[in-house]
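Please look over the sequence and the model shown here before reading on. The paragraphs after them are meant to be read with the structure open.

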Amino acid sequence: MPSTSMAQTISNCLRAASMVGLAFAASSTLADAPTQRLNPVIGLIEQGKPVMGLYAPSNRKPPGAAADAPAPKRTPAELAKETVSYQLSDFVFDGSMEYKFDETLPVFTDFATALNAESHLDKKPYPHIAYPMILKIHEIAPDPELAARHIGQQLDLGVSGIMFVGVESPEEVKRGIAAMRYPSQGGTRADSVGAGPKYWGLSEKEYRAKADLWPLNPKGELINWVVVESKEGLKNVRDIAAVKGIGVLWPGAGTLRQVFSTTGADGKRVVDEQAWEGAIQSVLSACKEFKVPCGIPTTPDQIEMRMKQGFSVFVMNWGEAGFKTIEVGRKAAGRS
């Protein structure tokens, strides 16, 4: 039997070892904890989890509606309330500004203002934007300076991401990236903040610090999405994917379907399904090669298949089919 003093020494050593173990466990837990992101889209990507979001509800006619059927006339406030009523979408997407920017910007601005008035911020499990907005911008190549100015206007609404459509060259991506960053960060964004700080729940100083582009700035909370949707873009897809700063790379699946289709003798469109899917897979291959997350629009019956292929960011139309797709996707991904 050890002496009393020896027993006390052993006890103290065991207690010290236990404390070291607890401290190590605590530090390991903290090291493995997911980054507390203001923009949950980035947080999910960093954690290797699939991201699933919906187009914002709108006053467009539902699919299949009769040509003479009246379009809905819900107010921006009503659309905003409908948006926050569904809590499983990781982001709010809008593609209206791809065309007729001057007409569609005021319409979306009214919606964004109404969404700002709703409970769009969440404090659990840490402060974040519950409904990050991600918008399409029109093609950059025809007029890069105009596109840059319009991107700045979109960012001033408080959005968390911009999608560059119809990209065919690395230079277009670089122009878009510069337009999303303030001059102090090496970019060309105008020195304004607009409604950004309020929508993000920050002071202007805090907003300016966080409103930078991820992953170029690991602490940035803005993200860009790049869409390849032409044969020229597909030809250059590897060079495009190699550009530093791309958040998510997408095949423009719907547009590519048209690219790889012809008009049959009966006047109907005939899709070369093999070539179409091959184009989609070429974008996915570039994503994998350059370790860029890959996104695609999808449906309830395809989301699991696309996940297995390697896609990790998904966008769906607002409505029951979109809700069902998220339900299936979350279950497949083990997201509660």
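Predicted model: local features only at pLDDT ≥ 70, side-chain atom pairs only at ≥ 80, totals over all residues.

Residues are numbered from 1 along each chain as its sequence is written, and side-chain values use heavy atoms, with hydrogens and water left out.

The chain has 14 helices and twelve strands; these are DSSP runs numbered from the N terminus, helices being H or I of at least four residues and strands E of at least two. Of the 336 residues in the chain, 46% are buried. Buried means under 20% relative accessible area, exposed means over 50%, and partly exposed lies in between, with a 1.4 Å probe and protein chains only. The chain exposes about 17200 Å², and carbon and sulfur atoms supply 57% of that area; accessible areas come from the Shrake-Rupley method with a 1.4 Å probe, and for residues only the protein chains shown count as cover. Among contacts with a separation of 6 or more, 67% are between residues 24 or more positions apart. A contact means heavy atoms within 4.5 Å.

In soluble globular proteins, nonpolar side chains tend to be buried together. A nonpolar core is taken here as a set of buried Ala, Val, Leu, Ile, Met, Phe, Trp, Tyr and Cys residues joined through side-chain atoms within 4.5 Å. The largest such core has 75 residues, and Phe164, Trp200 and Leu249 have the most contacts inside it. A second, separate core of 19 residues includes Ile45, Trp214, Trp225 and Val315.

Because its relative accessibility is 2%, Trp200 counts as buried. Leaving aside residues up to four places away in sequence, Trp200 touches residues including Leu38, Leu121, Ile129, Ser160, Tyr207 and Leu222. Ser160 lies in the loop between helix 5 (144-155) and strand 6, and with a relative accessible area of 0% it is buried.

The structure holds nine aromatic pairs. Rings of Phe, Tyr and Trp (its six-membered ring) pair if their centres lie within 6.5 Å; planes under 30 degrees apart count as stacked, over 60 as edge-to-face and the rest as tilted. Trp200 and Tyr207 make an edge-to-face pair, 4.8 Å centre to centre with 65 degrees between the planes. Tyr207 counts as buried because its relative accessibility is 0%. Trp225 and Trp250 form a tilted pair, at 4.9 Å centre to centre and 40 degrees between the planes. This pair links distant parts of the chain, with Trp225 in strand 7 (residues 223-228) and Trp250 in strand 8 (residues 248-251), 25 residues apart. Trp225 is buried, at a relative accessible area of 0%, and Trp250 counts as buried at 2% relative accessibility. Ring pairs also join Tyr55, Phe91, Phe93, Trp225 and Trp250 into a cluster.

Two arginines lie over rings. A charge sits over a ring if NZ of Lys or CZ of Arg is within 6 Å of the ring centre and within 35 degrees of the ring normal. Arg208 lies over the face of Tyr182, 5.2 Å from the ring centre, and the charged end of Arg257 sits over the ring of Trp276, 5.4 Å from its centre.

Is strand 5 (residues 133-137) mostly covered or mostly open? Five of its five residues are buried, so by the cut-off for buried residues it is mostly covered. Met133, Leu135 and Ile137 are on one side and Ile134 and Lys136 on the other. Two strands pair if DSSP finds at least two bridges between them. Strand 2 (residues 92-94) runs parallel to strand 5 and is joined to it by three bridges, with Val92 opposite Met133. Strand 6 (residues 161-164) also pairs with strand 5 in the parallel sense, over four bridges, and Ile162 in strand 6 is the bridge partner of Leu135.

Some backbone details remain. A cis peptide bond joins Lys124 and Pro125, with omega about -5 degrees, and the bond from Trp214 to Pro215 is cis, with omega near 10 degrees. Lys100, which is not a glycine, has a positive phi near 50 degrees; with a relative accessible area of 61%, Lys100 is exposed.
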